[in-house]
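The following paragraphs lead the reader through selected features of one protein model. Please keep the sequence and the structure in view while reading.

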Amino acid sequence: MLAEKLETLKSIFLEMEKALIAYSGGVDSTLVAKVACDVLGERALAVTAVSPSLLPEELEDAKIQAATIGISHKIVQTHEMENPNYTSNPVNRCYFCKSELHDTLKPLATALGYPYVVDGVNADDLRDYRPGIQAAKERGARSPLAEVGITKAQVRQLSQELGLPWWDKPAQPCLSSRFPYGEEITVAKLQRVGRAEIYLRKLGYNSLRVRSEGDTARIELPPEEIKEFVVKTDLQSLVSTFQGFGFLYVTLDLEGFRSGKLNQVLNRELLQQVS
């Protein structure tokens, strides 16, 4: 079953003949880049968009992974932070982010002779609230993983079978996702969240989020790691470090890490509208 999906994925790229991959360095887009490179060789190009919402470490990972795969890799700048529709952080913020991304990639692809821009959207993404998917579709981007019906779990399985060492890399959405809808996003806020997450990763915690609400940092860790974190971490040193980044208060979410947690406010509002 999964082997058949991989062959179908390869056939899509074979039909494309040339493709530019919107490449973040995450596990999804990296699998797309790997398969595209295997099929198309030099006719595949991975492009990473850099902005304040991307951690510098993520960019370095993307460079290393692209070099390991052997795909040509290009870096471009995007300017979503100049768009008030994005920085005001509405519930469809991702629409404006992906609009900026694909308004940058599509003319680049045309200029370089690539007829297709593809992304790493998978089948599970289609079942979540992802307004950015609409923006990409409006600009003609294709999502081969979703087209074939490859789920997130299957992305990781295929990546492992293909020998990609980062097959179990934690999801790392853009830093703007750390803020509750309606709170203005600034470069300074993005930087302090990014520095806080880097600090925690250096302590040995990889699957995490630092949610930012006003001057408060709320740390999310997997539930099974919370007790160890509290016992082993020098909490006073952590608080002082976070305050040095610009936060006034530091809290720990006792529910634990859950991807997309800030979207629960949307689900609550929908329930209220129905009831």
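The backbone oxygen of Glu184 lies 2.9 Å from a polar atom of the Lys189 side chain, a polar contact being a pair of N or O atoms within 3.5 Å, in which, within protein, one must be able to donate a hydrogen and the other to accept it, and residues adjacent in sequence count only if both atoms are side-chain atoms. The model is a predicted one, in which local features need pLDDT of at least 70 and side-chain atom pairs count only at pLDDT 80 or more, while totals for chains, interfaces and linings use all residues. Residues are numbered from 1 along each chain as its sequence is written, and side-chain values use heavy atoms, with hydrogens and water left out.

Lys189 belongs to helix α9; helices (H or I, at least four residues) and strands (E, at least two) are DSSP runs numbered from the N terminus. Leaving aside residues up to four places away in sequence, Lys189 touches Phe179, Glu183 and Glu184, where contact means heavy atoms within 4.5 Å. Ser72, by comparison, is 117 residues from Lys189 in sequence and 33 Å from it in space, C-alpha to C-alpha.

Helix α9 (residues 187-202) packs with helix α11 (residues 235-245) at an angle of about 155°, the axes being 9 Å apart. Axes are lines fitted to C-alpha atoms, for helices over the stretch in contact, and angles run from 0 to 180 degrees between N-to-C directions. The helices α9 and α11 are therefore roughly antiparallel to each other (angles under 35 degrees count as roughly parallel, over 145 as roughly antiparallel, 65 to 115 as roughly perpendicular and the rest as oblique). On the α9 side the contact is made by Arg192, Arg195, Ala196, Tyr199 and Leu200, and on the α11 side by Ser237, Leu238, Thr241, Phe242 and Phe245.

Strand β6 (residues 216-220) pairs with β5 in the antiparallel sense over 5 bridges, and Ser212 has Ala217 of β6 as its bridge partner.

Two loop residues remain. Glu17, in the loop between α1 (2-16) and β1 (19-22), has a positive phi of about 75° although it is not a glycine. Asn89, also not a glycine, has a positive phi of about 60° and is found in the loop between α4 (84-87) and α5 (93-112).

Note on methods
Pairing = 2+ DSSP bridges.
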